[in-house]
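Subject: Structure handover

Hello,

Here is the structure I promised to pass on. Please open it alongside this email.

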Amino acid sequence: MAITVTLVLVICLGIFFVLANANQTNMIVDFVTDIGRWLTTPFQNLFWMDNRDQAVLVNWGIAAVVYLFVGSALARLARRG
């Protein structure tokens, strides 16, 4: 479950950095958004929007919810087994 929470937090922090227009040349911001972009690759362009911030919020947000749901289910199964 700790891995799941970490992944979801990275995605959410990436969303925050994009929405807050954080400095993309900053090493931390660049690192977090790169990892977030990689984690959300299957969800990129799931919904097309004119505004990049809205697209990131919706598509990355869906990815975070899916990761949380699947990770929680896997953690629950691992505890049973």
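What follows is a short tour of what was found.

First, the ground rules. This is a predicted model, in which local features need pLDDT of at least 70 and side-chain atom pairs count only at pLDDT 80 or more, while totals for chains, interfaces and linings use all residues. Residues are numbered from 1 along each chain as its sequence is written, and side-chain values use heavy atoms, with hydrogens and water left out.

**Overall picture**

The protein has 3 helices and 0 strands. Helices here are DSSP runs of H or I with at least four residues, strands are E runs of at least two, and both are numbered from the N terminus. Along the sequence, the pattern reads α-α-α. The C-alpha trace spans about 45 × 30 × 15 Å along its principal axes. Of the 81 residues, 28% are buried. Buried means under 20% relative accessible area, exposed means over 50%, and partly exposed lies in between (1.4 Å probe, protein chains only). The accessible surface is about 5,700 Å² (Shrake-Rupley method, 1.4 Å probe; for residues, only the protein chains shown count as cover). Carbon and sulfur atoms account for 69% of that surface.

**Helix 1 against helix 3**

Helix 1 covers residues 2-19, and helix 3 covers residues 52-80. They pack at about 170°, with axes 9 Å apart. Axes are lines fitted to C-alpha atoms over the stretch in contact, and angles run from 0 to 180 degrees between N-to-C directions. The two helices are therefore roughly antiparallel (angles over 145 degrees). Contact means heavy atoms within 4.5 Å. On the helix 1 side, the residues in contact include L7, I11 and I15. On the helix 3 side, they include V56, W60 and Y67.

N21 sits in the loop between helix 1 and helix 2 (27-39). N21 counts as exposed because its relative accessibility is 62%. N21 and D53 are 32 residues apart in sequence, yet their C-alpha atoms are 9.1 Å apart.

**One salt bridge**

The structure holds 1 salt bridge (a Lys or Arg side-chain nitrogen within 4 Å of an Asp or Glu carboxyl oxygen). D34 pairs with R37, and their closest N and O atoms are 2.8 Å apart. Both lie in helix 2, 3 residues apart, about one turn of the helix. D34 is partly exposed, at 36%. R37 is also partly exposed, at 36%.

Best wishes

Terms used
Angles under 35 degrees count as roughly parallel, over 145 as roughly antiparallel, 65 to 115 as roughly perpendicular and the rest as oblique.
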